[in-house]
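Please keep the sequence and the structure in view while reading.

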Amino acid sequence: MLVIGIAGGTGSGKTTVVRKIIESLPQGEVAVLPQDSYYKDNAHIPLEERLKMNYDEPASIEWTLLTDHISRLKSGESIEMPTYDFLTCSRQRETVPVQPKEVIVVEGILVLTDKPLRDLLDVKVFVDADADERLIRVIRRDCVERGRTPQMVIDRYQETLKPMHELYIEPSKRYADLIVPQGGGNNVAIKLLTDYIRSLLPSSER
């Protein structure tokens, strides 16, 4: 089993990189664990307070559960991955069953900030992109998928996303084995990554 961590700023193109990794391998060989599924369960906190919480710092993630799930998958066990509702900022009752696969991808902005998690990763990737490009993608995504207005997204970017990126995410780049510049549109870097992944999997078609 190969465990790959893919980090990078919000809107950098991590999801595109993950999708291209999946498409490059035989069907059914990849399981994805999004960091966002492991936000701490804050359902006991009033919604008004939950909406004001900082979800872009390492303390917002239940790392122990995520690392436990990865360890269990590496041991051949299946897991029940939590799900998270961004509209209510709380963990949902439903879980997603995940079976052990040839490749496990852990994807999220803070994936390289947690040392116990980094120690479980065989390949560490940082997807890089210009701040302006990331902001445009975040506005598009949050307005469509998370019910926010453009002004709400811009305010959050200035108050939280940008300072947290500079404090936690950008410094974590130094732990990466591979940096993908220009985000998910860098087909050359992504092909190098996917070719490398295939080379590490004896059972994969090359």
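How many aromatic pairs does a search of the whole structure find? The search finds three aromatic pairs. The structure searched is a predicted model.

**Aromatic pairs**

One of these pairs is formed by Tyr-39 and Tyr-84. Their ring centres are 5.0 Å apart, the planes stand at 45° to each other, and the pair is classed as tilted. Tyr-39 sits in the loop between S2 and helix H2 (47-50), and Tyr-84 belongs to strand S3. The two are 45 residues apart, and the pair links distant parts of the chain.

Both residues, Tyr-39 and Tyr-84, are buried. Ring pairs also bring in Tyr-55, which forms a cluster with Tyr-39 and Tyr-84.

**Nonpolar cores**

In soluble globular proteins, nonpolar side chains tend to be buried together. The largest nonpolar core of this model has 30 residues. Those that touch the most other members are Leu-33, Tyr-38, Leu-66, Ile-70, Val-106 and Leu-117. At least two residues of this core come from each of strand S1 (2-8), strand S2 (30-34), helix H3 (63-74), strand S3 (79-85) and strand S5 (103-107). H3 supplies the largest share, five residues.

Neighbours within four places in sequence set aside, Ile-70 is in contact with Val-3, Leu-33, Val-106, Leu-117 and Leu-120. Another core lies apart from the largest one and has 19 residues, including Leu-2, Ile-6, Val-103 and Ile-190.

**The cavity**

A search of the whole structure gives one cavity of 30 Å³ or more. The volume of the largest cavity is about 50 Å³. Its lining is made up of Gly-9, Thr-10, Asp-56, Arg-134, Tyr-157, Leu-161, Met-164, His-165 and Ile-169.

Which helix gives the most to this lining? Helix H6 (residues 150-169) does, with five residues. Sorted by type, the lining residues are four nonpolar, three polar and two charged.

**Two buried loop residues**

Gly-184 is in the loop between strand S7 (178-180) and helix H7 (187-199). Is Gly-184 buried or exposed? Gly-184 counts as buried because its relative accessibility is 7%, and the cut-off for buried is under 20%. With residues up to four places away in sequence left out, Gly-184 is in contact with Ser-12, Gly-13, Thr-16, Val-17, Lys-20, Val-127 and Ile-190. Between Gly-184 and Val-106 there are 16 Å from C-alpha to C-alpha, and the two are 78 residues apart in sequence.

Ser-172 is placed in the loop between H6 and S7. Ser-172 has 1% relative accessibility and therefore also counts as buried. Apart from residues up to four places away in sequence, Ser-172 touches Leu-112, Thr-113 and Phe-126.

**A partly exposed helix residue**

Arg-19 is part of helix H1 (residues 14-24). Its relative accessible area is 41%, so Arg-19 is partly exposed. The class called partly exposed lies between the limits of under 20% for buried and over 50% for exposed.

How many residues apart along the chain are Arg-19 and Pro-150? They are 131 residues apart along the chain, and 27 Å separates their C-alpha atoms.

Technical notes:
Residues are numbered from 1 along each chain as its sequence is written. This is a predicted model: local features need pLDDT of at least 70, side-chain atom pairs count only at pLDDT 80 or more; totals for chains, interfaces and linings use all residues. Side-chain values use heavy atoms; hydrogens and water are left out. A nonpolar core is a set of buried Ala, Val, Leu, Ile, Met, Phe, Trp, Tyr and Cys residues joined through side-chain atoms within 4.5 Å. Buried means under 20% relative accessible area, exposed over 50%, partly exposed in between (1.4 Å probe, protein chains only). Helices (H or I, at least four residues) and strands (E, at least two) are DSSP runs, numbered from the N terminus. Contact means heavy atoms within 4.5 Å. On a 1 Å grid over the protein atoms alone, a cavity is a set of points where a 1.4 Å probe fits but cannot get out, and a pocket is an open set with protein on both sides within 12 Å along at least five of seven lines; lining residues have an atom within 4 Å of a point. Grid points are joined across faces, edges and corners, and a volume is the space filled by probe spheres set on the points. Ala, Val, Leu, Ile, Met, Phe, Trp, Tyr, Cys and Pro count as nonpolar, Asp, Glu, Lys and Arg as charged, and the others, Gly among them, as polar. Rings of Phe, Tyr and Trp (its six-membered ring) pair if their centres lie within 6.5 Å; planes under 30 degrees apart count as stacked, over 60 as edge-to-face and the rest as tilted.
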